Amino acid sequence: MNQNLKPAVLLPAFAATDDRPVTLGVLGGGQLGLMFVHVAQQMGYRTAVLDPDPNSPAGLVSHHHLLANYDDVQALASMARLCDAVTTEFENVPAESLRILAKSNPVAPQADAVAVAQDRLIEKAHFQASALRMSDAEAVGPVPYAALVQAEDLPGIDPGLFPAILKTARMGYDGKGQIQVADIASLPAAWASLNQVPCVIEKRLSLVAECSVVVARGRDGTVVNLPLQLNTHVGGILARTEVFEGNLDAGLTARAIQAATAIATDLGYIGVLCVEFFVVKGANDTLSLVVNEMAPRPHNSGHYSIEACDLSQFELQVRAMTGLPLTPPRLHSPAVMLNLLGDIWLNTGELRTPAWDQVLALPGTHLHLYGKLEARAGRKMGHLTVTADTIEGAREVAEEVQAVLGIWH
Ligand code: ADP
Ligand code: MG
């Protein structure tokens, strides 16, 4: 099947052509792959996971698990044979692997879009271009930044960017590959400590809040979005997400959704995309938005949609890659999502099983543990979503959960 031929919708049924069930493939077997596989299977699809880890959460529950590296040509050929469509859950999957698969399979998101998200410099240029296409009142540009790719770039860097954050252009996640830089004089040493790989140097903004928008775009150009997520990060890692009607000023919310939609549309994107924003104070103390980064896949801040919306980000991923209709998701319960990091297994000084029975005795708690075999500080082991009639009710329960688990933030 060639992507250019715009294949028919892949209905979850037996394929007429080769008498095997329609199979959806995912590159990466982490928790995002696991939740994708759960939904794909619920909808009647077979699944295939490519991940070199024999204990990968998604690999363990998939119909097929190809145990190989993401650039293994033979494994990619097997994947292409097995699957009717392929997606990714792993942001740093080689774009070339997606290109190889796209020769024989519909691949969503496309390699070119994933390649943009993999490089902060290319990503920021895309944000800038998207902002320029919008009217001044709607434009949401990137954080002020400069490129630091070679030593010759150093003298041209604007001292007005400091205090700043130096970020590697590629392979950063959960705050990794980032260094705070107080002033321009400290920049060469900071860059040296990152081995002088290509970087962006970003102005450190004083954040009023952080938020994100998950959009899904279909092959026909339809774009739908989840309600805006209000996020709290601790140590560069997402700690908590709150979603409820009015969680951010209505004008800013509309602008964030518009900007995320424009970013996806300008990329010709197919699939689920999450765009992260900072809320900052502008002139006259008015609040405004800047765009931070995007993830070409479902996102940690969208996990609440499994229980709190009538259409989750993972079902949107299945629908987008198979050409099924995308309908607007509706939030039916206010929600608080807490990330469960490895620290809560370790925070008494010895490895212990958290008191899940006490957590689940609280109303509206939805526990997700990803089945990872080793708890490490900062490692995402699971998450917990609290739903309630009101956000106050959800917050109260979340506070009790935090007390049981010893999450102090
Ligand atoms: P990652 O890819 O690790 O998620 P981010 O660029 O999103 O990297 O940075 C992680 C977190 O660090 C952000 O969510 C925010 O809390 C903080 N941060 C990043 N860049 C800035 C900035 N320019 N100004 C202020 N805070 C920032
Ligand atoms: Mg981020």
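## Elements and model

Strands are DSSP runs of E with at least two residues, helices are runs of H or I with at least four, and both are numbered from the N terminus. The structure described here is a predicted model.

The buried set consists of Q313, F314, E315, L316, Q317, V318, R319, A320, M321 and T322. R319 is a charged residue in this helix. Its relative accessibility is 18%, and because buried means under 20%, R319 counts as buried. Beyond its neighbours within four places in sequence, R319 contacts L311, L324, P325, L326 and T327. Just after α10 comes G323, which has a positive phi of about 80°.

Helix α1, residues 31-42, crosses α10 at roughly 70°, and the two axes come within 8 Å. Angles of 65 to 115 degrees count as roughly perpendicular, so α1 is roughly perpendicular to α10. The crossing is right-handed. From α1 the contact uses L32, M35, F36, V39 and A40, while α10 brings F314, E315, Q317, V318 and M321. Sorted by class, the contact of α1 with α10 has eight nonpolar residues, one polar residue and one charged residue.

## Helices α3 and α4

Helix α3 spans residues 73-82 and helix α4 spans residues 95-102; they pack at an angle of about 45° with their axes 10 Å apart. That angle makes α3 oblique to α4. The crossing of this pair is right-handed.

Where α3 and α4 meet, L76, M79 and A80 of α3 face S97, I100 and L101 of α4. This contact has five nonpolar residues, one polar residue and no charged residues.

## Nonpolar cores

The largest nonpolar core has 25 residues, and L273, V275, F277, L289 and M294 touch the most other members. At least two residues of this core come from each of α5 (111-117), β9 (207-217), α8 (250-266), β13 (271-281) and β14 (287-295). Helix α8 gives the most, with six residues. L273, one of the residues touching the most other members, is in contact with V213, V214, V215, I263, A264, M294, A295, P296 and R297 when its neighbours within four places in sequence are set aside. Another core, of 22 residues, lies apart from the largest one and includes V22, V26, M35 and A58. M35 is also one of the α1 residues in the contact with α10.

## V290 in strand β14

V290 is located in strand β14. Its relative accessibility is 12%, so V290 counts as buried. In sequence V290 is 149 residues from G141, but the C-alpha atoms of the two are 5.4 Å apart in space.

Leaving out neighbours within four places in sequence, the contacts of V290 are V140, G141, P142, V143, L205, F277 and F278. F277 is among the residues that touch the most other members of the largest nonpolar core.

One joins A108 and P109, with omega about 0°, and P109 sits in the loop between α4 and α5. Another joins F162 and P163, with omega about -5°; P163 falls in the loop between β5 (145-148) and β6 (164-168).

Q196 belongs to the loop between α7 (187-193) and β8 (199-203), and D285 to the loop between β13 and β14. Are these residues buried or exposed? Q196 is partly exposed, at a relative accessible area of 45%. D285 has a relative accessibility of 57%, and since exposed means over 50%, D285 counts as exposed.

Note on methods:
Residues are numbered from 1 along each chain as its sequence is written. Chains are lettered from A and ligands numbered from 1 in the order in which they are written. This is a predicted model: local features need pLDDT of at least 70, side-chain atom pairs count only at pLDDT 80 or more; totals for chains, interfaces and linings use all residues. Side-chain values use heavy atoms; hydrogens and water are left out. Axes are lines fitted to C-alpha atoms, for helices over the stretch in contact, and angles run from 0 to 180 degrees between N-to-C directions. Angles under 35 degrees count as roughly parallel, over 145 as roughly antiparallel, 65 to 115 as roughly perpendicular and the rest as oblique. A crossing is left-handed if the near helix is turned anticlockwise from the far one by less than a right angle, and right-handed if clockwise. Contact means heavy atoms within 4.5 Å. A nonpolar core is a set of buried Ala, Val, Leu, Ile, Met, Phe, Trp, Tyr and Cys residues joined through side-chain atoms within 4.5 Å. Buried means under 20% relative accessible area, exposed over 50%, partly exposed in between (1.4 Å probe, protein chains only).
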